[in-house]
Amino acid sequence: MSVEVIAIGGYEEVGKNMTAVKIGDDVVIFDMGIHLDRIHIHEDTDIARMHSLDLIERGVIPDDTLMKEVDGKVRAIVFTHGHLDHIGAVAKLAHRYEAPIIATPYTLGLIERTIKQEKKFTVTNQLQVLNAGEKCQISPDITLEFVGTTHSIPQTVTAALHTSEGIIVYANDFKFDNHQVLSPPPDYKRFRELGRKGVLALIVDTTNACVKEESKTHSEKIARILLKDVLEKPLRQKEGIIVTTFSSHIERIQAICKIANESKRKILLLGRSMERYCSMAEKLGILDLPKSASVYGSPKAVNRALARADENREKYLMVTTGHQGEPDALLPRIANGKTQFTVKPGDNVIFSSSVIPNPMNMANRNLLERRLKSSGARIFTNIHVSGHAGPEDQRDFLRMLNPTHILPSHGTLSMLSAYTELAEEEGYKLGKDIHILRNGQAQVFNGGA
């Protein structure tokens, strides 16, 4: 029986992830993501009214039309976590396949909300919960297992397909963090057990493979310390405070709220995506917001909250989206004077995020910082740790799983190449057992070889 890995999206860029794995006549799809860099797509963008073909043409979502040529039955659509570059296209693509959507409760909640908001397509796929540490039978020859891991969003898992030809591991995305508050450490024991059972192929995130200056990705514990240190003085002063971070980073939002709650300031979590991610996390008992925190998502509610903060800036700490400088996101709109809050000299703006390294983001972020500085704001940048595995985490992962074949994914060619160099240091060889694919290409393994 042959095993085929089909690269649909995410093998030429960071985003629009989608991979199909064909075992015999059965197919399992992993991820249906969007490319956040295209047409100013970001966490608050609403693509519900846009058509899938238009989004494919613009490079926003994966071009899955190649699946028409795949001779097999899609048995499951699997999601390992809830970031938009992994789930953002589900409402545009999932209806094409008669297969259940499988994810952890938090990820499935976000997917369900995305489907309900969709205006172009009707998605009727069964939604099936699978928790970390659990398995489900997808077909007579395929069992899906979720192995607990850590990332920058709750309930992230690594997926393992158990087949007669060996185990196929899908690891997009992960980091090895032993000190998160909302998530337990990765299940290292289970990863080692999978390695002993026999991993045929590892499909793996390469986003941080070339970040040599940070060989092991720092824990969220470091981010908590940085935030506490930076906020300590501003929380005692009268100037305004804005913290901007990923609205999906519930672990970080929990840390910000805990620190701010120790002061007398009220916490305003602002933005449509902030409401989406936080309300779902709170509903499932993942996020524990203090009584001093309020979440506002609609434009009118956000503007009213900003007006209150503008009148009494010493009484509030605002948490917003827009850290990449996306023109129509909340923080850039504040900086441009398009909201009820006016940045004044001495106000503090803390970027609890890094700049995603592409020309558009870098230009937008540079413009945002210059506008904030021209208003007299104090800016604290990179109060952040990454959610992606660094080179030494990747090396540890390889040694745990000992895969026969490796397929680097979720990255540009430079990222895939950097991962290849690392894997070659571990004894693998490009063209023999390391396979670099581009979007639309496939790799076949015959008889477990």
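Me: Let's begin with I29, then: which residues does I29 touch, leaving out those up to four places away in sequence?
Reply: I29 touches M18, T19, A20, M67, V74, A76, I77, V78 and Y97, with residues up to four places away in sequence not counted. Please keep in mind throughout that this is a predicted model.

Me: And which residues touch the most other members of the largest nonpolar core?
Reply: That core has 64 residues, and I29, M32, I77 and L317 are the ones that touch the most other members. Helix α7, residues 250–261, gives the most to this core, with 7 residues.

Me: What about a second core, how many residues does it have?
Reply: The second core is separate and has 28 residues, including F30, L130, L144 and Y170.

Me: Which residue in β5 does I77 stand opposite?
Reply: I77 stands opposite I101 in β5; β4 and β5, the latter spanning residues 101–103, pair in the parallel sense over 2 bridges.

Me: Okay, switching to sheets. What's the strand order in the open sheet with mixed pairing?
Reply: That sheet has 6 strands in the order β7-β8-β9-β10-β11-β18. β7 (135–139) and β18 (405–409) stand at its edges with a single partner strand each, so one side of each is left without a neighbour in the sheet. Neighbouring strands are turned by 20 degrees against each other on average, with direction ignored.

Me: How many bridges join β8 to β9?
Reply: There are 6 bridges between β8, residues 142–148, and β9, residues 157–163, and the two strands run antiparallel. Among the bridge partners are G148 and V157, the latter in β9.

Me: Which helix packs on that sheet and touches β7?
Reply: That is helix α5, residues 188–197, which touches β7, β8, β9, β10 (166–171) and β11 (199–205), and whose direction makes about 145 degrees with that of β8. Helix α12, residues 391–401, lies across β10, β11 and β18, and runs at about 165 degrees to β11.

Me: Now the aromatics. How many aromatic pairs are there?
Reply: The count comes to 6 aromatic pairs. In one of them, the rings of F174 and F176 have their centres 5.2 Å apart and their planes at 50 degrees, so the pair is tilted. F174 and F176 are both buried.

Me: And what kind of pair do F176 and F397 form?
Reply: F176 and F397 form an edge-to-face pair, at 5.7 Å centre to centre and with 75 degrees between the planes. This pair links distant parts of the chain, as F176 sits in the loop between β10 and α5 while F397 belongs to helix α12, 221 residues apart.

Me: Why does F176 count as buried?
Reply: The cut-off for buried is under 20% relative accessible area, and F176 counts as buried because its relative accessibility is 4%. F397 is buried as well, with a relative accessible area of 1%. Ring pairs link F174, F176, Y188, F191 and F397 into a cluster.

Me: What about cysteines: how many disulfides are counted?
Reply: The count comes to 0 disulfides. As for accessibility, C136 is buried with a relative accessible area of 11%, whereas C210 counts as partly exposed at 36%.

Notes: Residues numbered from 1 in each chain as written. Predicted model: local features only at pLDDT ≥ 70, side-chain atom pairs only at ≥ 80, totals over all residues. Heavy atoms only, no water. Pairing = 2+ DSSP bridges. Helix = DSSP H or I, 4+ residues; strand = E, 2+ residues; numbered from the N terminus. Axes fitted to C-alpha atoms, helices over the stretch in contact; angles between N-to-C directions. Contact = heavy atoms within 4.5 Å. Disulfide = S-S within 2.5 Å. Buried < 20%, exposed > 50% of the residue type's maximum accessible area, 1.4 Å probe, protein only. Core = buried A, V, L, I, M, F, W, Y, C linked by side-chain atoms within 4.5 Å. Phe/Tyr/Trp six-rings, centres within 6.5 Å; stacked < 30°, edge-to-face > 60°.
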